Amino acid sequence: MSARSIARHITTLRNFYSFLIREGEIERDPTEFLALPRQASSLPKYLNREEVERLIAAPPADKPAGLRDRAMLELLYAAGLRVTELCRLELAAVDRDAGVLRVIGKGNKQRLVPFGEPAGDAIDRYLATGRPALLKGRASRFLFVTGRLVTGRRGSKSSTMTAGGCAMTRQGFWKLLRAYGKRAGIFRDLTPHVVRHSFATHLVEGGADLRSVQIMLGHADISTTQVYTHVARRRLREVVDQHHPRA
């Protein structure tokens, strides 16, 4: 087993024996001195800036769904959102004038995340023509919607609720992202989290401080954000190897 799998099993055993002690089934915990294996820290996968540009340009600009997908990709990269945060983003959470999103993250914690003009322009185009075409006169509190109707129950029979359109689902966006990645020539495993890592990596490479990146990502502990310092160090090594005359 990998070190990560071993650690997960040991944690499970510890919890189980702690439960047995609390219930009075055993007197001594046999896992008391069982040490967790050391785990090598893995660097997050991320896209370079050219790949990000190709990915964002992949959705067709002449279709309502393409306008929506372009806006989602722009915002995903511009604000470093988690996929659930992106899909559940409400229309009222976007302050277009200030260029700020009000995001509800893990633990129902709210944070404010700025976004740039390219993402703002993509949102404007989507709201002007793409979103109305997808909703077809229906209402929805969500920013990113699909053409499907919200389904629900009336009485004992299932029926279609025409009150609003469905929000984009996590699974649906994953599929779209993979398809656009292939169209952009990005064939390795592409996930929304890779785009989120790209956001953070490019900020750190550009000189952003870790505390600011932590706030924008919504990390509770800065130790989670510190992984991006390793990415920046590796990038420095590559720059030296490529450009220094005595590298």
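A pocket, on a 1 Å grid over the protein atoms alone, is an open set of points where a 1.4 Å probe fits, with protein on both sides within 12 Å along at least five of seven lines; its lining residues have an atom within 4 Å of a point. Grid points are joined across faces, edges and corners, and a volume is the space filled by probe spheres set on the points.

Before you start clicking, note that this is a predicted model: local features need pLDDT of at least 70, side-chain atom pairs count only at pLDDT 80 or more, and totals for chains, interfaces and linings use all residues. Residues are numbered from 1 along each chain as its sequence is written, and side-chain values use heavy atoms, with hydrogens and water left out.

**Stop 1: the second largest pocket**

Select R82, T84, E85, R88, L89, E90, A92, A93, R102, V103 and I104, which line the second largest pocket. The elements giving two or more residues to this lining are α4 (83-87) and β2 (100-104). Here helices (H or I, at least four residues) and strands (E, at least two) are DSSP runs, numbered from the N terminus. β2 gives the most, with 3 residues. The pocket holds about 190 Å³ of space. Colour its lining by class and you will find 5 nonpolar, 1 polar and 5 charged residues. In this scheme Ala, Val, Leu, Ile, Met, Phe, Trp, Tyr, Cys and Pro are nonpolar, Asp, Glu, Lys and Arg are charged, and the others, Gly among them, are polar.

**Stop 2: the sheet**

Stay with β2 and show its partners. An open sheet of 3 strands runs in the order β1-β2-β3, with antiparallel pairing; two strands pair if DSSP finds at least two bridges between them. The edge strands are β1 (94-95) and β3, each pairing on one side only. Between β2 and β3 there are 5 bridges. Look for R102, a pocket-lining residue, opposite L112 in β3, and for I104 with its bridge partner Q110. Now follow the chain around the hairpin: 5 residues lie between β2 and β3, and G107 in the turn has a positive phi of about 70 degrees. On β3, R111 and V113 make up the covered face, while Q110, L112 and P114 are on the uncovered one.

**Stop 3: helix α8**

Next, select residues 210-217, helix α8, where L210, V213, Q214, M216 and L217 are buried (under 20% relative accessible area, with a 1.4 Å probe and protein chains only). Seen down the helix axis, these buried residues fall within an arc of 170 degrees, so they line one face of α8; the arc is that of the directions from the axis to the C-beta atoms. What covers them includes α3, β3 (110-114), α7, α9 (222-225) and α10 (227-243). Just after α8, G218 takes a positive phi of about 80 degrees.

**Stop 4: the largest pocket**

Which residues lie nearest the centre of the largest pocket? Select E53, E74, Y77, A78 and P118, which are among its 14 lining residues. The elements that give two or more residues are α2 (49-56), α3 (64-79), α5 (117-135) and α7 (192-205), and α7 gives the most, with 4. The volume is about 310 Å³, and the lining divides into 8 nonpolar, 3 polar and 3 charged residues.

Finish on E74, in helix α3. Is E74 buried or exposed? E74 counts as buried, at 10% relative accessibility. Leaving aside neighbours within four places in sequence, E74 is in contact with I56, P118, A119 and A122, where contact means heavy atoms within 4.5 Å.

Note on methods:
Buried < 20%, exposed > 50% of the residue type's maximum accessible area, 1.4 Å probe, protein only.
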